[in-house]
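Hi everyone, thanks for coming. Have a look at the sequence and structure on the screen, and I'll walk you through a few spots.

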Amino acid sequence: MPFKKNFLWGAATSSYQIEGAAYEDGKSLNIWDVFCRQDGKITGYQNGDTACDHYHRIKEDVKLMKEMGLNSYRFSVSWSRILPDGTGAVNQKGIDFYNALIDELIKNGIEPLLTIYHWDLPYCLSQQGGWLNKKSSDWFYEFAKVVAVNFSDRVKYFFTLNEPECFIGHGYSVGQHAPGYKLSDREVLNAMHNALLAHGKGVSALRKYAHQPVKIGIAACGSGNFPLQETKEDIEATNKSYDDIDKTYFFKFTPWLDPIIFGRYPEKLVAKYKEVMPLYSEDEMKIISQPIDFIALNIYRGDRIKSSEKNEYTVDKFEDGYPMTALNWEITPLSMYWVTKYIYNKYKMPIMISENGLSSRDIVSIDNKVHDPQRSDFMARYLKELKRSADEGTDIFGYMHWSLMDNFEWSFGYNERFGLIYVDYATQKRTIKDSAYYYRQIIESNGEIL
Ligand code: BGC
């Protein structure tokens, strides 16, 4: 069976990772501009100053999307480009850039999908505490309002936040991402709560100021765990692994999605961290849990799970030589099937895959093409599992490959290539990789050739 009618087939990017033009047209500094300049954060002090220079190459890049047969494209808006002071005065040049992008997409029959926040907080707001500041959700409300007022006449799909798991987890606990904090659980849980409130207020701003009925979701991520064997015991163990709360609770789905969908934190989180949970009112939980239209998932890999004697679960270690991507992430297509089943059964919401892909050591070959069979293979395997889930009734309405083009892979800089388009950073020359042509065939058949 093919995927649903009008399935959204696209690719995703984010502002800091591709735009460049870091000091142009009134954009102010964001936390990544600053973080990249700190010692020892990013290999070789690489940064997003120029990135893929997408800011100056909209027409060329949309033309490539069209050639690849995409019917949709997910991008994010740089907060410090349109609100250089974080709140207050709007920078018209920033608005003009996104208007031009959206218009070009629509002219080419490509549905624009807009992520409001993909990690590039204005530095001036971070200096006021960033997500630790209770006011952060009001700042975000204002940002979401500006986005709604200016873009929602043409954009119908919005994601409030991209992976709060990562921008709080990596940014405020692990310290690997901007702003590089390693805080206590009390502070991390407080930042999580504020980010959840921001999501909720972002939904209100979109509903209030959108020029047309819009579809709103959040892009969540987590480990796409799957059973070692498809036995009752291993499947139950897998579900337990999803629901479990451990030391890295901020990377799990439930501490984010339970408040958003059910209006309460998971019992396991509250039980484990009751002494350090933030104080919040019922009204705040209502703001967080106002209705959204879909859950978006960024899925890359997962753990292999087996049941264990104590009726719990065990992570089954991958054997030596298990297939991996260039970033040493295990290739686990079954993640796609099991994570979508788990999320759909639990939250009963339509699902979009908002990111999925791999980093590989791509090169431009002597024939001037980029042969990346490993990416085509990865895509086929993951999409087959997504289709199996859809065939069994999971409501899945889109798939965005990460990424449209090679780009700035955060703390790993430019060495990790995730794109369907190869970027030669010295010349900014783009080359469509073989995998993108394979993706085009999948799109043309609406997944039937899988
Ligand atoms: C993020 C992207 C990132 C990708 C690959 C996701 O966590 O949303 O910005 O480039 O994964 O690491």
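**A loop, a helix end and the cores**

Okay, let's start with Asn108, which sits in the loop between helix H5 (92-107) and strand S3 (111-117). Helices (H or I, at least four residues) and strands (E, at least two) are DSSP runs, numbered from the N terminus. Before I go on: this is a predicted model, where local features need pLDDT of at least 70 and side-chain atom pairs count only at pLDDT 80 or more, while totals for chains, interfaces and linings use all residues. Residues are numbered from 1 along each chain as its sequence is written, and side-chain values use heavy atoms, with hydrogens and water left out.

Back to Asn108: its side chain reaches the backbone oxygen of Glu104 at 2.8 Å. Setting aside neighbours within four places in sequence, Asn108 is in contact (heavy atoms within 4.5 Å) with Val62 and Lys66.

Next up is Tyr273, in helix H12 (residues 267-273). Is Tyr273 buried or exposed? Buried, with a relative accessible area of 9%; buried means under 20%, exposed over 50%, partly exposed in between, using a 1.4 Å probe and protein chains only. Beyond neighbours within four places in sequence, the contacts of Tyr273 include Asp185, Leu189 and Tyr249. Tyr273 and Leu189 are 84 residues apart along the chain, yet their C-alpha atoms are separated by 9.0 Å.

Finally, the cores. A nonpolar core is a set of buried Ala, Val, Leu, Ile, Met, Phe, Trp, Tyr and Cys residues joined through side-chain atoms within 4.5 Å. The largest one here has 130 residues, and Trp32 and Trp131 have the most contacts inside it. Helix H9 (residues 185-209) gives this core its largest share, 11 residues. Apart from that core lies another, of 15 residues, among them Leu113 and Phe397.

Terms used. A polar contact is a pair of N or O atoms within 3.5 Å; within protein, one must be able to donate a hydrogen and the other to accept it, and residues adjacent in sequence count only if both atoms are side-chain atoms.
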